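Dear colleague,

Please find below the structure that I am handing over to you. My notes on it follow directly after.

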Amino acid sequence: MKIATFNINGIKARLPRLLEWLDEFSPDVACLQEIKNIDENFPRLEFEEKGWFVETHGQKSFNGVALISKHPIENIMRGLPNHDGKPYDVDEQARYIEATIKGIRVASIYLPNGNPRPGPKFDYKLEWMDRLISHANRLLKSEQPVVLAGDYNVIPFDEDCYNPAAWTEDALTQPESRARLRSIQNLGYLDAIRQINPVGPMYSYWDFQRGAWQKDNGIRIDHLLLSPQAADILKDSGIDRVPRGKEKPSDHTPAWIELVD
């Protein structure tokens with residue numbers, strides 16, 4: 001079973017590239033971020049005509065997440081809960097969708113960027129991550145395989161960045177951001193990309209500016225974190241760089257895992 005995460009940076013702008021990638025890469029599940037569209041306007045038919053199941057949690061012009069699957073999508077939850085597991089009513093940003101697919105609990109996550117910092121956007125990022133930690137801990141109690149996939153907007157280590165010195169003031173590298181990402185892993189979640197590819201650049205994002213793609217000036221911010229039950233069936237993982245080199249690409253490219261079915 002192949003699960004991928006892909007920040008597409010706008011479903012309207014990337015629809016042809018996304019459909020092409022789904023045909024070529026053929027994941028069982030695609031966790032999408034930044035669809036930038038409300039649920040009613042999401043182009044469901046284009047996917048459903050090809051046999052895909054679709055669930056979205058959208059927002060006009062900003063954010064938005066989705067699950068695209070070859071298999072039925074069940075027990076859907078939209079929005080990251082509060083610390084006590086109840087809905088977090090004051091959060092209007094569509095950044096989290098979770099469901100069960102073939103017995104695996106899969107989440108598509110678009111974590112806040114947090115810039116500029118210090119300020120309310122960075123505070124929101126940290127508060128959001130604290131809720132994610134609480135929810136990730138609750139998910140472990142289900143004892144089912146869990147895959148927390150998405151754009152985390154956190155560069156875990158300096159080796160995950162082409163030039164660490166250029167990012168020292170950015171929200172993506174701050175000790176508070178990195179510590180919260182480690183807190184999820186300390187609960188028992190595995191960084192699937194680094195488990196299979198422990199050394200070397202595994203970039204998933206290249207800025208559109210300054211020839212970043214051509215120079216391979218990338219960063220790794222798209223992650224798949226696996227619960228112990230999912231980690232036990234991890235077969236392979238990687239970064240599919242092909243979509244980033246095509247015409248009118250997203251600035252991200254898919255990260256993926258393969259689980260023993």
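The charged end of arginine 117 lies over the ring of phenylalanine 122, 5.7 Å from the ring centre; a charge sits over a ring if NZ of Lys or CZ of Arg is within 6 Å of the ring centre and within 35 degrees of the ring normal. Lysine 2 is likewise placed over the face of phenylalanine 25, at 4.4 Å from the centre of that ring.

This is a predicted model, in which local features need pLDDT of at least 70 and side-chain atom pairs count only at pLDDT 80 or more, while totals for chains, interfaces and linings use all residues. Residues are numbered from 1 along each chain as its sequence is written, and side-chain values use heavy atoms, with hydrogens and water left out.

Phenylalanine 25 also belongs to a cluster in which ring pairs link Phe6, Trp21, Phe25 and Trp256. Rings of Phe, Tyr and Trp (its six-membered ring) pair if their centres lie within 6.5 Å; planes under 30 degrees apart count as stacked, over 60 as edge-to-face and the rest as tilted. The structure holds six such aromatic pairs. One of them, tryptophan 21 with phenylalanine 25, is stacked, at 5.5 Å centre to centre and 15 degrees between the planes. Both tryptophan 21 and phenylalanine 25 are buried (under 20% relative accessible area; exposed is over 50%, partly exposed in between; 1.4 Å probe, protein chains only).

Arginine 78, at 40% relative accessibility, counts as partly exposed. Its side chain and that of glutamate 55 are joined by a polar contact of 2.6 Å (a pair of N or O atoms within 3.5 Å; within protein, one must be able to donate a hydrogen and the other to accept it, and residues adjacent in sequence count only if both atoms are side-chain atoms).

Yours sincerely
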